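Work through the exercises below with the sequence and the structure open. Try each task before reading its solution.

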Amino acid sequence: MRSLFRATPNGPPGAYDTYGVRVPRATHTIPVSCTSVGCEHYENGWACTVIPDSAEQKTLIDAADGRIDGMRRQYLKPERTPEGWLRYVFPAGQPCFAASAHVEQIKPATTLIQRGDWRRHERPSIVSVPEWTDRLGENQQRIIDRQSRG
Ligand SMILES: [Zn+2]
């Protein structure tokens with residue numbers, strides 16, 4: 001996983017509020033099919049271009065043959081591009097390569113506010129979406145007002 005970049009704020013942690021939205025995948029989503037999410041690749045098909053005999057070509061073939069997520073995909077005979085690459089065309093109507101990642105949210109997000117930032121913070125308060133939106137908007141307006149005063 002890519003590491004997260006965090007700028008170190010100028011003030012102490014207690015000078016900040018953190019506004020969070022949590023949608024844990026395990027408890028708030030269920031896996032769904034390409035058709036349930038209106039997947040563009042399912043609807044229209046897609047193409048991938050790879051260098052022959054490369055690691056990317058091997059991964060593409062593994063994914064098409066179902067060795068990555070268990071779902072097989074059909075493709076047309078690969079065409080060689082003028083640059084010497086191979087272009088694989090996957091016709092519409094079959095699971096895309098992201099099919100196992102398609103999810104539907106089944107529970108509302110948890111919106112929370114906590115005093116502090118990533119360095120140190122208090123226990124978060126769970127608030128309603130309207131309250132979260134109002135307080136975030138007021139906070140942003142205070143920042144804008146302070147910056148415009150100089
Ligand atoms: Zn899809």
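## Exercise 1: Overall layout

The chain is divided into domain 1 (13–27 + 108–149) and domain 2 (33–101). The model is a predicted one.

**Task.** State how far apart the two domain centres lie, and compare the chain with a compact globule of 150 residues.

**Solution.** 
- Step 1. Take the C-alpha centres of domain 1 and domain 2. They lie 41 Å apart.
- Step 2. Look at the extent of the C-alpha trace. Along its principal axes the trace spans about 65 × 35 × 25 Å.
- Step 3. Turn to the radius of gyration. The chain has 23 Å, whereas a compact globule of 150 residues would have a value near 15 Å.
- Step 4. Check burial. Buried residues make up 5% of the 150 residues.
- Step 5. Check the contacts. Of those between residues at least 6 apart in sequence, 65% join residues at least 24 apart.

## Exercise 2: Counting elements

**Task.** Give the number of helices and strands, then their order from the N terminus.

**Solution.** 
- Step 1. Count the elements. The chain has four helices and eight strands.
- Step 2. The order is β-α-β-α-β-α-β-β-β-β-β-α.

## Exercise 3: The sheet of β1, β7 and β8

**Task.** Find the order of the strands in this sheet and explain why β1 and β8 stand at its edges.

**Solution.** 
- Step 1. The open sheet has three strands, β1-β7-β8, with antiparallel pairing.
- Step 2. Find the edges. β1 (17–22) and β8 (125–127) each have a single partner strand, so one side of each has no neighbour in the sheet.
- Step 3. Look at one pair. Strand β7 (residues 110–115) is joined to the antiparallel β8 by three bridges. Ile 113 has Ser 125 in β8 as its bridge partner.

## Exercise 4: Helix α4

**Solution.** 
- Step 1. Judge the cover. α4 is hardly covered, with one buried residue among its 21.
- Step 2. Pick a residue. Gln 147 belongs to α4. With 8 other C-beta atoms within 10 Å, Gln 147 is exposed, because the cut-off for exposed is 12 or fewer.
- Step 3. Compare sequence and space. Gln 147 and Thr 29 are 118 residues apart along the chain, and their C-alpha atoms are separated by 40 Å.
- Step 4. Go just past the helix. There Gly 150 takes a positive phi of about 95°.

## Exercise 5: The partners of β5

**Solution.** 
- Step 1. Start with β3. Strand β3 (residues 46–50) pairs with β5 (residues 86–90) over five bridges, in the antiparallel sense. Val 50 stands opposite Leu 86.
- Step 2. Go on to β4. Strand β4 (residues 79–80) is joined to β5 by two bridges, and the two run antiparallel. Glu 79 has Arg 87 as its bridge partner.
- Step 3. Inspect the turn. The hairpin of β4 and β5 has five residues between the strands, and in it Gly 84 takes a positive phi near 95°.

Methods:
Residues are numbered from 1 along each chain as its sequence is written. This is a predicted model: local features need pLDDT of at least 70, side-chain atom pairs count only at pLDDT 80 or more; totals for chains, interfaces and linings use all residues. Two strands pair if DSSP finds at least two bridges between them. A residue is buried if 20 or more other C-beta atoms lie within 10 Å of its own, exposed if 12 or fewer, and partly exposed in between; C-beta atoms are placed from the backbone. Domain bounds come from an automatic or database domain assignment. The radius of gyration is taken over C-alpha atoms; the globule rule is 2.2 Å times the number of residues to the power 0.38. Two residues are in contact if their C-beta atoms, placed from the backbone, lie within 7 Å.
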